[in-house]
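Subject: Structure handover

Hello,

Here is the structure I promised to pass on. Please open it and keep it beside this email as you read.

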Amino acid sequence: MKLAFSTVCCPEWDWMKCCDYAFHYGFDGVELRVTKEDSIQITNFDGKLKFPEGSPLGTPLSPSPVMLATSVCLAEQNDLQNGLFLIQTAAQLEIPMVRVMISAAPNPTHVDLTASAMAYRRLFQEGQRLGVRVLVETSGALSNSNEMNRFLLLADCKGEVLWDVHNTFRYCGEEPLNTFQRLKERIGYVHIKDSKLVGKRVEHCPVGMGDIPIEKAVRLLTEGDYDGFFSCEWVRRWNPLLSPPWVVLPEFVKVMSIFA
């Protein structure tokens, strides 16, 4: 089992601290999360990603991230050029994968699926040209795996899926077996996070402490010969009240080893 964590877990850390932590605590890689505010300020490329002044991720990216998780939204026409640029940047930095989404909202919302699929096809083709895998996440309208399959048919390419186990269950009520059976040939990366409902509010919690059926999903994937990353997406960048990374990440490694 290959484990990673996203830099959304640790917004206070610079890149070298992320890599040092990964090496010492049993992770196989680090996923770099880039917001729109970050990526629109990447200018005059010289071998480094240039983030806003004061960003903890302003250091050289060595070793390379295992994934560049962008905020590119396929349903937004003006995001296409940013997506193409970030794929080119990933290629220059030797980052093997780029994540795109259909929309910013994690729960299903109405979008133009056909236009979004055409945008994905363009990004996927650019990735193929440059040797970068472009994965689309089960988020927003594509949290529904039936919609994801329809989207991939419309895109008419050998696209790959980033399965966010949280989104398909929490927002669409899909059992992991159903999602896995529909998407198993396409899954190239997996996001892991847990939560529980407090009234109608989603409350994130450490893996194993919520009601997301993570263990079922992990076992389906490992027994189905999935050999990609399981990445911890602890969204502390968006909610600084969540537990710090040095508390959550070791527990993630421990729990995932049990699930495996």
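One caution before the notes. This is a predicted model.

**Charged pairs**

Side chains of opposite charge can pair when their charged atoms come close. In this structure, a search of the whole model finds 13 salt bridges. Three of them are worth a look.

Start with Glu137 and Arg99. Their side chains form a salt bridge, with N and O 2.3 Å apart. Glu137 sits in strand 5 (residues 133–137) and Arg99 in strand 4 (residues 97–101), so this pair ties together parts that are 38 residues apart in sequence. Are these two residues buried or exposed? Glu137 is buried, at 2% relative accessibility. Arg99 is buried too, at 1%. Buried means under 20% relative accessible area, so both values fall on that side of the cut-off.

Next, find Arg182 and Glu174. They form a salt bridge whose closest N and O atoms are 3.7 Å apart. Arg182 is partly exposed, with a relative accessible area of 32%. Glu174 is buried, at 7%.

Arg201 is partly exposed at 47% relative accessibility. Glu203 is partly exposed as well, at 27%.

Salt bridges can also share partners. Here, that links Arg122, Glu126 and Arg129 into one network.

**The nonpolar core**

In soluble globular proteins, nonpolar side chains tend to be buried together. In this model, the largest nonpolar core has 80 residues. Which members touch the most other members? They are Phe5, Tyr120, Phe151, Tyr189 and Ile192. Helix 9 (residues 245–259) gives this core its largest share, seven residues.

Click on Phe5 and look around it. Leaving aside neighbours within four places in sequence, Phe5 is in contact with residues including Cys10, Trp13, Tyr21, Phe27, Val30, Cys232 and Leu249.

Now move to Trp13, one of those contacts of Phe5. Trp13 lies in the loop between strand 1 (2–6) and helix 1 (15–24). Trp13 is buried, with a relative accessible area of 4%. Then look for Pro245.

**Empty spaces**

Rolling a probe the size of a water molecule over the atoms shows where empty space is left.

The largest pocket holds about 410 Å³ of space. It is lined by 21 residues, and the closest to its centre are Arg33, Met101, Ala104, Pro106 and Trp238. Which elements supply at least two lining residues each? Strand 3 (67–73), strand 4 and helix 6 (165–170) do. By class, the pocket lining has nine nonpolar, five polar and seven charged residues.

How many cavities of 30 Å³ or more are there? The count is one. The largest cavity has a volume of about 40 Å³. Its lining is made of Ile192, Lys193, Asp194, Cys205, Pro206, Val207, Cys232, Glu233, Trp234 and Val248. By class, that is seven nonpolar, no polar and three charged residues.

**Two backbone angles**

Finally, check two Asp residues. Asp156 is not a glycine, yet its phi is positive, at about 55°. Asp156 is in the loop between helix 5 (145–155) and strand 6 (160–164). Asp156 is exposed, with a relative accessible area of 53%.

Asp225 also has a positive phi, near 70°, in a residue other than glycine. Where does Asp225 lie? Asp225 is in the loop between helix 8 (214–223) and strand 10 (229–232). Asp225 is exposed, at 68% relative accessible area.

Those are my notes. The structure is now yours to explore.

Best wishes

Notes:
Residues numbered from 1 in each chain as written. Heavy atoms only, no water. Salt bridge = Lys/Arg side-chain N within 4 Å of Asp/Glu carboxyl O. Helix = DSSP H or I, 4+ residues; strand = E, 2+ residues; numbered from the N terminus. Buried < 20%, exposed > 50% of the residue type's maximum accessible area, 1.4 Å probe, protein only. 1 Å grid on protein atoms, 1.4 Å probe; cavity = no way out; pocket = protein on both sides within 12 Å on 5 of 7 lines; lining within 4 Å. Points joined across faces, edges and corners; volume = space filled by probe spheres on them. Nonpolar A, V, L, I, M, F, W, Y, C, P; charged D, E, K, R; others polar. Core = buried A, V, L, I, M, F, W, Y, C linked by side-chain atoms within 4.5 Å. Contact = heavy atoms within 4.5 Å.
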